[in-house]
Each structure stands twice: as structure tokens, then as C-alpha cells.
Amino acid sequence: MNPKTTIVVLSLGLAVWVAGCGRPSNIPEESDPGVANARMGSMLDSKADNPIHTIVMPHDEPAFPPGPGRDEFVTACVVCHSPRYITMQPRFSRATWLSEVNKMKDTYGAHISDEQARRITDYLVSINGKAGTGHGPKGTYGE
Amino acid sequence: MNRRGFLRLMGATGVAALTASCNRINSAVGPLSSPDDLSRFPEKTEMILLTDRPPQLETPLHYFRQDLTPNEAFFVRWHLEGIPTSVDLRTFRLNVSGHVRQPLQLTVDELRSQFEPVSIVAVNQCSGNSRSFFEPRVPGGQWKHGAVGNAKWTGVPMKSILDRAQVKAGAVDVSFNGLDAPPLPSVSDFVKALSIDHARDGEVMIAYAMNDQPLPMVNGFPLRLVVPGWYGTYWVKALSDVTVLPQAFSNFWTDKAYRIPNAPNGTESPNDLAKDTIPINRFNVRSIFVRPDPDELLHPGVPAEIEGVAFDSGYGIRRVEVSMDGGTTWADARLDPEIEKYSWRRWRAAWTPRNRGQYRLLARATNAVGETQSKQQWNRSGFMWNVIQQVDVKVR
């Protein structure tokens with residue numbers, strides 16, 4: 001499995017940014033926002049010679065066990081989002097997982113056929129499913 | 001390594017015993033029994049990892065002992081895979097366009113230098129904060145109570161910017177778009193909108209600073225919309241485009257997503273889903289325990305400090321009651337002085353447990369217009385959780 005992911009931060013300005021973190025977080029005393037802003041302005045100016053701010057996102061995704069439907073899952077799902085969208089969920093019924101897969105297909109336009117959706121659902125149920133065929137809550141949007 | 005995912009997958013492939021031993025963080029605050037995956041992202045401290053692509057990071061509860069949540073620990077929630085990872089302040093512009101007489105293209109420096117700055121201390125909370133406590137469980141980001149934070153936001157009132165752009169008569173909505181981008185053309189870009197009156201209320205603002213520092217990239221550098229008292233879905237990150245519209249705004253993220261039952265506290269029954277839904281909007285009132293720590297052991301005869309934070313949509317917290325006996329008797333907690341009306345307010349209660357055993361602590365907040373917390377709540381999306389929180393503590 002992946003070792004602890006190393007994070008590379010390119011921004012030269014970052015040292016200035018993180019220096020203020022971890023301080024006691026009391027409410028600033030300045031009642032005049034201009035005072036606080038002037039102080040912050042000088043801090044912002046200190047990175048003016050490096051106006052490009054860049055971060056590098058860590059790659060920290062779990063591996064998945066082999067099983068029927070795994071290839072379809074990797075091809076159709078992981079292209080758009082981390083498999084952690086699956087592993088963070090509680091165990092759901094097949095009905096709920098199928099609803100989630102169909103949401104990805106019908107609402108977000110994942111390029112999968114009905115047959116592929118079925119196989120992906122099989123896989124999700126096998127790795128994070130709940131026994132029984134009861135109707136769990138259907139997924140909604142924006143969660 | 002994703003410990004929880006690994007353990008569950010091992011369980012799924014036959015090594016179920018491995019999942020049995022996990023009970024590190026949540027034993028006292030909720031039903032979850034998995035340990036947290038912690039992860040450190042750029043400009044952030046170790047946070048609870050929900051997802052890594054796009055990132056969804058939850059604040060560990062102990063940070064809420066501070067009135068202002070440190071930037072490095074402030075929760076993170078993106079929708080689309082294509083999040084901005086590089087911003088060049090020389091070329092970045094805030095574009096204000098649409099139903100205006102004077103379209104604007106403003107640099108961050110111009111926002112800082114050409115407008116009178118304002119600061120506000122305000123809670124930002126994800127619509128789905130505490131989703132993992134709903135029963136029956138619902139799909140979505142499985143947040144505990146840490147998709148919330150309180151910060152001092154500094155920037156420019158939206159009204160000042162719209163006034164400079166000279167909004168034409170007949171404006172209805174204002175839409176807000178950020179630098180994030182969908183992974184497929186079929187996925188709607190994440191754009192949110194407010195009514196023109198709301199956008200011009202003098203409180204909605206564009207922040208270029210958070211706790212007197214530039215925003216971390218994953219919290220919306222360089223600019224973020226601040227909508228005091230409203231759920232985080234409206235607080236568009238890496239804000240780049242403000243568009244004034246002569247008609248009501250419509251897109252997937254408003255018409256289909258982030259909707260709640262048009263019912264008291266957005267509640268519905270799993271067996272009878274509401275037909276009538278509305279966009280999520282103002283915070284309801286709620287309280288979150290900060291102390292004791294979930295793992296903290298209390299002792300008979302030894303005073304313990306019980307502490308939490310409470311907030312609402314800006315009416316102001318007026319009362320927090322606590323119960324140390326599972327809700328049989330209640331007593332008023334002491335309220336710290338109000339910081340600002342959109343800030344959370346700290347409460348404290350002294351408690352000296354007399355006997356050994358297991359105690360159930362409850363806290364219930366009430367605001368200035370009488371809104372309070374209930375015992376039961378559910379909706380299909382897992383939004384707006386504000387059930388009276390229970391914390392089980394051991395006295396030994």
C-alpha cells in the first residue's frame with residue numbers, strides 16, 4: 001500500500017503563510033478594520049515578488065481488491081473522483097448503490113452502459129454492500 | 001495509507017476480524033467506530049480525510065477550543081475534480097459582468113487598495129455537516145461535526161463592488177463562479193447564486209483574507225464569497241466571476257442539488273419524501289460539544305469543565321442548556337460574551353460527577369427568536385443536522 005504521501009509545496013511564499021498558524025486564536029483587538037488590513041497588506045506585499053502561488057496535491061488513494069466489475073469501476077469512476085467516495089460511505093444496500101451509479105451515469109454523464117452500471121454496482125456491493133435487498137435511501141445531489 | 005478503507009476492504013475480502021478493534025476517536029461522540037484517516041494537504045495541518053480527489057477535509061474537534069478556527073485546520077470541501085492549484089496574481093481578475101453598465105476586471109491588489117475593507121467574524125458550515133449521524137444513513141460526505149469553522153473574514157462588501165459596476169434596473173439574481181472546473185463536459189460547473197437584494201445587503205462580501213492571512217489554496221485562494229449565516233455551499237471558493245442577471249438563475253447546483261424539504265427544519269420522513277423542496281439557505285441553530293474530549297476519562301469528585309460552541313444564522317445565541325443525566329434535568333450553561341452576531345458563541349458548564357459510571361451529556365441551544373434544537377430530524381440529503389447532541393462520558 002502507499003507509504004505516507006509526501007507533499008511538495010512549491011510556493012516560496014508559503015513560509016510566510018504558515019508562520020502564523022497554530023498561534024492562539026484570540027479575536028484581534030483592532031476594532032478598526034483598516035488597522036488589521038494595513039498589517040495584513042504588508043504581509044501580502046512581502047510575497048509580491050512571487051505572485052504565482054502553486055500547490056501540489058498529494059496522491060493518497062486506496063487500492064481496490066480484485067473482483068467482478070473492478071475494471072469497469074476503475075475506468076468509469078476513478079477518472080473523475082477518488083475511490084474514497086466509496087470507502088467513506090457506510091455499507092449500503094444494492095438499491096442505494098445502484099441509485100448512486102445511475103446518478104453518476106444519468107446526471108453527471110459518466111460514460112457507461114446499463115450493463116457496465118450493473119457490473120459496477122455488483123463491485124460496489126461486494127466491497128461495501130449490505131446484505132439484503134431492502135430499499136435503502138436513494139442518493140441525492142450536492143452531498 | 002487509508003487505514004479505514006484498507007481495513008474495510010480486508011474485511012470485504014475475508015479478514016473481518018481486523019475491523020473489530022477500531023474505536024479510537026468516536027466512542028463518545030457518535031455511532032461511528034472506525035478510526036479517522038488523517039492526512040496533511042498543502043498549507044493544512046493534519047485533518048480528517050474524507051476524500052482526496054477532490055479534497056474533503058474535516059477539522060479535528062479540539063480546534064474548536066479556539067474562538068477562531070486556524071486557517072490550517074479549517075474544513076475543506078470541493079465538488080469537482082478540477083480544483084485550482086496555481087494562481088498567478090498578475091493575471092488573475094475578478095470579473096463582474098452581466099446586467100451592469102460598467103463591467104469590471106479587478107486584481108486582488110485593486111480590491112485591497114481601492115475599496116474600504118471590512119471584517120466580519122462568521123461561521124461557515126457545510127450543508128452536510130454531521131451527515132453521518134442521520135438514521136437511516138444517507139449517501140454523501142460522511143462528515144462528523146467538523147465541517148464547520150469560525151473565522152475573521154476581511155475583504156470588500158459585495159454591495160461596494162456591485163455599486164461600482166452600476167447594476168442596471170431589473171436585476172434579479174447574481175451568480176458566482178470560481179476557478180474550479182468539471183472533469184467531464186457533462187458535469188455542470190459549480191456556480192451558485194443569490195438574489196440581488198441579498199447580494200447587496202452590505203453583509204455578503206468577497207474575502208481576500210481569513211484570520212488576517214491570505215486564504216489557503218484549498219480554502220479558496222485568492223478570493224472567497226462570504227455569505228454570513230448561510231450554508232457553505234454559497235461561499236464560492238477561488239471566486240473569479242460575478243454575473244448580474246435580469247432573470248432568475250438556474251442550473252443543476254441550484255435546481256437539483258442542495259435542496260431541502262419545504263418543511264420546518266427541512267425535515268421529511270424516509271417513507272414519505274417531500275415533493276416540495278427549496279434551496280438550502282440559512283443555518284438552523286445548533287450546539288457542538290468541544291469538551292470533554294471523546295476519550296477523556298472523568299473522575300468522581302473532580303470538577304470537569306464542559307464546553308461547547310453554539311451558533312445560528314445571525315439572530316444570536318441567547319441560551320444553552322445542558323443535561324448531565326441524559327435529559328432528565330437541565331441547567332443553563334454560562335455563555336461567553338458574544339463576539340459578533342454571525343460568530344459562534346462559546347458556552348461552559350462546571351460539573352463535578354459524584355459517582356462512577358457512564359453519563360450521557362446533552363446540550364441544547366436557543367437563539368433570540370426562539371429557534372432551538374430538536375430530538376429528531378431526517379432528510380434524504382443529510383443536510384442541516386441539528387439534533388440535540390449526546391455525548392457519553394465515563395467517570396472512573
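This is a predicted model: local features need pLDDT of at least 70, side-chain atom pairs count only at pLDDT 80 or more; totals for chains, interfaces and linings use all residues.
**Figure 1. The buried residues of helix α3 in chain B.** Helix α3 of chain B spans residues 158–165, and its buried residues are Met158(B), Ile161(B), Leu162(B) and Ala165(B). Looking down the axis of α3(B), you will find these buried residues within an arc of 95 degrees, so they line one face of the helix. Their packing partners in chain B are β6 (94–98), β7 (104–106), β9 (148–157), α4 (196–199) and β12 (205–210).

Figure 2. Is Val148(B) buried or exposed? Val148(B) has 25 other C-beta atoms within 10 Å, and 20 or more are needed to count as buried, so Val148(B) is buried. Leaving aside residues up to four places away in sequence, Val148(B) touches Phe75(B), Val123(B), Gln125(B), Cys126(B) and Asn129(B). One of these contacts, Val123(B), is 25 residues from Val148(B) in sequence, while the C-alpha to C-alpha separation is 7.1 Å.

**Figure 3. Ala207(B) and the largest nonpolar core.** The largest nonpolar core counts 123 residues. Which residues have the most contacts inside it? They are Ile120(A) from chain A, together with Met205(B), Ile206(B), Ala207(B), Leu225(B), Val226(B) and Val322(B) from chain B. Zooming in on Ala207(B), we find that it touches Trp153(B), Thr154(B), Gly155(B), Leu223(B), Arg224(B) and Val226(B), residues up to four places away in sequence not being counted.

**Figure 4. An open four-stranded sheet in chain B.** Four strands of chain B make up this open sheet, in the order β1-β2-β3-β4, and they pair in the antiparallel sense. At the edges stand β1 (38–40) and β4 (76–77) of chain B, each with a single partner strand, so one side of each has no neighbour in the sheet. Within the sheet, β2 (residues 46–52) and β3 (residues 55–58) of chain B are joined antiparallel by four bridges. To find your place in this pairing, look for Ile48(B), which stands opposite Glu58(B) in β3(B).

**Figure 5. Strand β20 of chain B and two of its pairings.** Strand β20 (residues 317–323) and strand β24 (residues 357–367) of chain B run antiparallel, with six bridges between them. In this pairing Ile317(B) stands opposite Asn367(B) in β24(B). Two bridges also join β20(B) to strand β21 (residues 331–332) of chain B, again antiparallel. There, Glu321(B) stands opposite Asp332(B) in β21(B).

**Figure 6. Chain B as a setting for the close-ups.** Chain B holds five helices and 25 strands. Its radius of gyration is 22 Å, close to the 21 Å that the globule rule gives for 396 residues, so chain B is as compact as a globular protein of that length. Along the principal axes, the C-alpha atoms of chain B fill a box of roughly 70 × 50 × 45 Å. Of its 396 residues, 52% count as buried. Among the contacts in chain B with a separation of 6 or more, 67% join residues 24 or more positions apart.

**Figure 7. Confidence along chain A.** The mean pLDDT of chain A is 71, with 57% of its residues at 70 or more. Where is confidence lowest, and where is it highest? Helix α1 (residues 14–18) of chain A has the lowest mean, at 33, and strand β1 (residues 52–54) of chain A has the highest, at 96. Over residues 1–47 of chain A the pLDDT is below 50, and this stretch has 71 contacts in the model beyond near neighbours in sequence.

Definitions and conventions: Residues are numbered from 1 along each chain as its sequence is written. Chains are lettered from A and ligands numbered from 1 in the order in which they are written. pLDDT is the predictor's confidence in each residue, from 0 to 100. Two residues are in contact if their C-beta atoms, placed from the backbone, lie within 7 Å. A nonpolar core is a set of buried Ala, Val, Leu, Ile, Met, Phe, Trp, Tyr and Cys residues joined through C-beta atoms within 7 Å. A residue is buried if 20 or more other C-beta atoms lie within 10 Å of its own, exposed if 12 or fewer, and partly exposed in between; C-beta atoms are placed from the backbone. The arc is that of the directions from the helix axis to the C-beta atoms. The radius of gyration is taken over C-alpha atoms; the globule rule is 2.2 Å times the number of residues to the power 0.38. Two strands pair if DSSP finds at least two bridges between them.
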